[in-house]
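Welcome! Here is a friendly walk through a structure that may be new to you. Please take a look at it first.

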Amino acid sequence: MIYKLFAFGMFFCFGYAVMSGEIAACMNSVFDGAGSAVTLLLTLAGMLCFWNGTVNIIKSSRFLSYLSHLLSPLVKFIFPSASKNTDLSERLSLFVCANALGIGNAATPIALGIMKELDDKNEKVNDDMVMLCLVSTAPISLIPTTVISILQESGFPSPLSILPYVWLCSLISFVFSVFIGKAYCALRRR
């Protein structure tokens, strides 16, 4: 369905450009947009490679156990039954860290692996699975790398000026999602 809307919009704009005599401006915009898209893609790919490398370094170093110990109160509160497993607790800490660094692309495979391990094969969703979905949807973001890269690439004068607003919004959404998740899990147990 969405491809039909996209095709309609594209043909409508092209037809309007032909009818109004602005076909040259339309074609210039198409090529400029394609060039900007490639530049943005390369910028985001470089940023993604850097942060994925950072996550792999954290995984292979002793920093992960330190990070897991540091985040253990949060992990125990959000994922009470999963935090009893040390390996799972470390992976949950890595997941929280990846989201905090703003690299959701690196956090997604980690979350999928955690979800497979949380699945107890009884075809029912457990409380930790619910909380993982909610925390994945509304994570705390300390460094929104993708947004900062897009703002910097588009020529925004001070991309880091958004940080306090991002911190506030992500904290509010994270607390709200944990509250809703805990309330839902409590109601489910009744």
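## Before we start

This is a predicted model, in which local features need pLDDT of at least 70 and side-chain atom pairs count only at pLDDT 80 or more, while totals for chains, interfaces and linings use all residues. Residues are numbered from 1 along each chain as its sequence is written, and side-chain values use heavy atoms, with hydrogens and water left out.

Let us begin with helix α8, residues 163–189. Helices here are DSSP runs (H or I, at least four residues), numbered from the N terminus. With 27 residues at 1.5 Å a residue, α8 should span 39 Å, and its end C-alpha atoms are 38 Å apart, which agrees. The expected span is 1.5 Å times one less than the number of residues.

Which residues of α8 are buried? They are Leu-163, Val-166, Ser-170, Phe-174, Ser-177, Val-178, Gly-181 and Cys-185. Buried means under 20% relative accessible area, exposed means over 50%, and partly exposed lies in between (1.4 Å probe, protein chains only). The buried residues of α8 pack against α3 (63–78), α6 (127–137) and α7 (145–153).

## Salt bridges

How many salt bridges does a search of the whole structure find? It finds three. A salt bridge is a side-chain nitrogen of Lys or Arg within 4 Å of a carboxyl oxygen of Asp or Glu. Asp-87, Arg-91 and Glu-117 are linked in a network of them. Arg-91 pairs with Asp-87, with the closest N and O atoms 3.8 Å apart; because these two are four residues apart in helix α4 (residues 86–100), they are separated by about one helical turn. Arg-91 also meets Glu-117, at 2.5 Å from N to O. This second pair links distant parts of the chain, as Glu-117 is in helix α5 and Arg-91 in helix α4, 26 residues apart.

Another salt bridge joins Asp-127 and Arg-188 (3.7 Å, N to O). Asp-127 lies in helix α6 and Arg-188 in helix α8, so the pair ties together parts that are 61 residues apart in sequence. Asp-127 is partly exposed at 21% relative accessible area, and Arg-188 is partly exposed at 34%.

Asp-128, in helix α6, is buried yet has no salt bridge. The nearest side chain of opposite charge, Lys-182, is 6.4 Å away; in this count Lys and Arg are positive, Asp and Glu are negative, and His and the chain ends are left out. Not counting residues up to four places away in sequence, Asp-128 touches Ile-78, Phe-79, Pro-80, Ser-81, Ala-82 and Leu-118. Touching, or contact, means heavy atoms within 4.5 Å.

Asn-126 sits in the loop between α5 (104–118) and α6 and is buried, with a relative accessible area of 19%. Leaving aside neighbours within four places in sequence, Asn-126 is in contact with Leu-118, Asp-120 and Arg-188.

## A nonpolar patch

Phe-14, Val-18, Ile-23, Met-27, Val-30 and Phe-31 make a nonpolar patch of about 520 Å². Its members have over 30% relative accessible area and no salt bridge, with nonpolar side chains (Val, Leu, Ile, Met, Phe, Trp, Tyr) joined within 5 Å; areas come from the Shrake-Rupley method with a 1.4 Å probe.

Which helix gives the most to the patch? That is α2, with four residues. One patch member, Phe-31, is found in helix α2 and is exposed, with a relative accessible area of 56%.

Notes. Patch = residues over 30% accessible without salt bridge, like charges linked within 9 Å, V, L, I, M, F, W, Y side chains within 5 Å.
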